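Hi everyone, thanks for coming. Let's have a look at the structure on the screen together, and please stop me whenever a word is new to you.

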Amino acid sequence: MLLIKCPYCQQERAEVEFSYAGEAHIERPSDPAALSDAEWEAYLFLRSNPRGTHFERWYHIHGCGRYFNAVRDTVTDNFVRTYPAGMPRPSVHDIDDAKT
Amino acid sequence: MNAYRADQGGRVERGASVAFSFNGTNLSGVKGDTLASALLANGIHFVGRSFKYHRPRGIMSAGTEEASALLGIDRGQGRYDTNIRATTQELFDGLKAESQHCWPSLRWDMGVLNELGGPVMSTGFYYKTFMWPKSAWEKVYEPIIRKSAGLGRAPRAFDPDCYASRYAHCDVLVVGGGPAGLAAALSASHKGKKVILADEQAEMGGSLLSDTGSLINGEAAQAWLASALATLVERDNVTVLTRTTAVGYYQQNFLGLVERLSDHLRVLDADLPRERMWRVRASQVVLATGAIERPLVFAGNDRPGTMLASAARTYLNRYGVRVGNRPVVVTCHDSAYLAAFDLANAGVGVAAVIDVRDDVPAALLEKAGRLGIEVLGGHTVLAAKGGLLVSAIVVAPVQAGGPARTIDCDALLMCGGWTPSVHLFSQAKGMLSWRDDLGAYVPGRYAQNARSAGACDGRFLLLEALNGGDAAGAGLSDPISDTYTVAEETHSSGISLAALPTSAKPARGKAFVDFQHDVTIKDIRQAVLEGFHSIEHIKRYTTTGMATDQGKTSNLNGLAIASEALGRPIVDIGLTTFRPPYTPTSFGVFAGYSRGDLFDVTRKSPTDRWAEQHGAVFEPVSLWRRARYFPQPGEDMDKAVARECKATRASIGISDASTLGKIEVVGRDAAEFLNRMYTNPWTKLGIGRCRYGLMLGEDGFVLDDGVVGRLAEDRFHVTTTTGGAARVMAHMEDYLQTEWADLNVWLTSISEQWAVIALNGPNTRQLIAPFVEAIDLDKEAFPHMAIREGKIFGVPTRLFRVSFTGELGFEINVPSRYGLAVWERLMEAGAKYDIVPYGTETLHVLRAEKGYIIVGQETDGTQTPDDVGMAWAIGKKKPDFVGKRSLERPDIVAPNRKQLVGLLTEEPRTVLEEGAQIVAEKSASPPVDMIGHVTSAYWSECLQHSIALAVVEGGRARMGEALYVPMPDTVHTVKVVDPVFYDASGERLNV
Ligand SMILES: [Zn+2]
């Protein structure tokens, strides 16, 4: 059972309060009609699925009801940090600092 | 007194006799025995038959790593458990144990023919067998496997026990109560930390429980143990848990501990849980899980009477049991000498110590000499002889040419070195590192806040265990402190071997690596010959390490043998993954309280009580229980549903629709938000009007549907399917929060705030008219697909004029607390209209007669709006909505997609089976193209024939065509028709 810090509630809470919401920083195209089939396919289906640092979204469904972003290591499941939706992707430099 | 019980020594109470039975024979042990020590005290080694070859097997260990002595235990009152390790089962009065996996009896076992009959179960047996013709599998191999394989018999009775569970938090969790764990718990608690100390055995102490020679701080080891335990128990900040196994180490220092509370008791208190699952979150974890002695691999190493050397020492020193009168020791490691010396000191005539090493330490030779023990250095074992008990071993010098010699014995004690127990460390995603000097993996890089101490860290000396534990518990930066002084026999050197060297032809004699799964050295070499080069593949092909013991005694030997066969170092061929649980764990303790009525939440609607009182039959719909039908005396479901359907279309049916999801969408941009979330256009929907809404996922497939009513310019009452309520809310929130945060919209779940009573039938308006205030019910003023706010029976209502049946219909929304009262009033007032309550089954039939889809029944996540005949629901002028772009994807616009149609059976009384496949040709032989399937099928009482909905390739172009639904016993002929079976023009709606 993971412990996840909701950046809105500012509390570390049990995983059962949250639901997973897929990879983060994938923005919906503002004009989908302008995209080619291949571009739309990439938006819709292609995900990075890395071994290691992963940017992902969580939904505090049984808490404040808000979506936020997290950086999690998919090998250890350790959370490096969580941050509100809409904030820029943390740089690799920041993440390494937080890991050590 | 038992024949093999020493007169003195050990921690058992010789005066307290304990009666038990083994395979129906009455025996006795003493208080403090395990089942294994009691059997050995009675001179019984041979306790079971092996998995594949049905070879006689004995007790090979004294602990949790046992791979041979697996027994069935009957604790009475339906409590029967299989695969119980005799070495961990505490003896209690009246215990009944039986051998498993032998027929007709332990002594005369037919399965042994498997071994004599040839390589029936050779390496890769399962994989190779599955490649043979199906008939061979069904007729020949499956019966053989069923009869001869399997471990024990599964209990048939309902599990009468209850299981508890609790959460706990602590600063330091110490796993293992041996010297390292005790020292860690002492130093951590001394610093004021909140400590949990858990050990799987009945007594804390680990190796100290069988240590009769060492001194700790000048005190005898077991005396130190007693005072250390007393100190810990006294401290308020320490929780000491015995009989508690850490079965799983999960993320962020979350561990599952299983505490066994009653398996060692005879008389069971009804309120006492059998086991308790501790879910522990620890700031820091100290792993003090010890090490497991490694067996040696040589021909006949599984004869009963063969066991790990340390186990023999434990049986002697802890239980006062001699495992034989003439044991022989085979080793490549110093530690086995401790067993030989202790046995000799107890008056047992040790036949010899066979040491594979040429250079046996002089101190050991000297002490052996003093005790009259012959040591054969530089020797190996060619074979172990004997039937139901080992009787002799054949030994020879390792250097070829020396004469072989036969040594008689009645017990064979082996030691192949030690394997640190890194299971939990590895489960916690730590990286192991290989130590050539130990021939073992030890903890390397930690993924979590944990450290290891003692033997599990590759530090085998008592001194290292104590000071390592002390440092870990106190959080010192050094791995070892100098708090403790120890006087001990420091024999910890040795070598690692893949298998004992032998000159014997490999064809003769089986040398076992995995005792539980009967995997031999030959099997592993064969796997390598057949091209398996990764240990993960070798493991699966040979099944080594895949039994319930997860290879505790076999993994490293298997690795070493594979490495030798491949000619590559061990570190190059990988390591299999350690997975929870550490030891076999009951399903009951995982389930805990979540069984029976507590298995899951049951949501009940406001009228649930009424339905129950009126004989409703319920069915689960997501977490809700909903009334399915209301049978009258003598009615089955079909009869009840037929009556409910007829009554609704004739006059009035009433049903509870409270379970529908409801979301209030409010704000300046509410209509624009709905434009983007649903396929339909919303901007022009008038206040007080409703519209059917179709929701897609971004992939273009139907996600949900429901009716949306506009209460004000900026306020919508949205309904969803019962099962989709939470999903739709999350879906809406997701887009609102993360894509269109600029929109001025608020979403509020109101599912539980409103009770919904659906009235359907031609007389519904007359029924409610006298009780409705502030709403004009006239058909022009309040048309189909409209919503009004007012009062009914004096209670505020949002009254929808909608229909899911094709009849004149109203959905009366009232605050939930009035739901039951309004329902009862309607039943009362409806009596003169012969009002009939109906459940979900009638609801399904009535809507299917009208061709209305149910999301999740007609759809399965691969249907577009056009597939289900709802292209009309798409707002053509909207620039975008969720899923719009996907409707242009190549696969979506491709011809011949499956489309919703109706089906009529040739024989009108035949009701098709939902899920049945549809084919185009009546008598084609398989394989036949399946062009669709039946999604809904019912008897229609109103139409007096069966109806069905289906999705069929190119379905709408097949109207009138004959298709076929093959079933096991017959083939049904069906005609493709329009999915609207009843009142196609909709006259009954607009009245
Ligand atoms: Zn929150």
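What is the order of the strands in the open sheet of 5 strands in chain B? The order is β17-β24-β18-β19-β20, with parallel pairing. Before I go on, two sentences on the ground rules. This is a predicted model, where local features need pLDDT of at least 70 and side-chain atom pairs count only at pLDDT 80 or more, while totals for chains, interfaces and linings use all residues. Residues are numbered from 1 along each chain as its sequence is written, chains are lettered from A and ligands numbered from 1 in the order in which they are written, and side-chain values use heavy atoms, with hydrogens and water left out.

Back to the sheet. Helices (H or I, at least four residues) and strands (E, at least two) are DSSP runs, numbered from the N terminus, and two strands pair if DSSP finds at least two bridges between them. At the edges sit β17 (306-308) and β20 (375-377) of chain B, each pairing on one side only. From one strand to the next, the twist averages 20 degrees; axes here are lines fitted to C-alpha atoms, for helices over the stretch in contact, and angles run from 0 to 180 degrees between N-to-C directions.

Helix α8 (residues 336-345) of chain B packs on this sheet, touching β18, β19, β20 and β24. Contact means heavy atoms within 4.5 Å. The direction of α8(B) makes about 165 degrees with that of β18(B).

Now for the inside. A nonpolar core is a set of buried Ala, Val, Leu, Ile, Met, Phe, Trp, Tyr and Cys residues joined through side-chain atoms within 4.5 Å; buried means under 20% relative accessible area, exposed over 50%, partly exposed in between (1.4 Å probe, protein chains only). The largest core has 57 residues, and Phe20(B), Tyr315(B) and Leu413(B) are among those with the most contacts inside it. With 7 residues, α8(B) gives the most to this core. Why does the core lie between domain 1 (1-157) and domain 3 (295-416) of chain B? Because both domains give residues to it; their bounds come from an automatic or database domain assignment.

For contrast, Lys684(B) is exposed, with a relative accessible area of 76%. You'll find Lys684(B) in the loop between α18 (670-677) and β36 (690-696) of chain B.

Finally, the partner chain: 26 residues of chain A are in contact with 29 residues of chain B.
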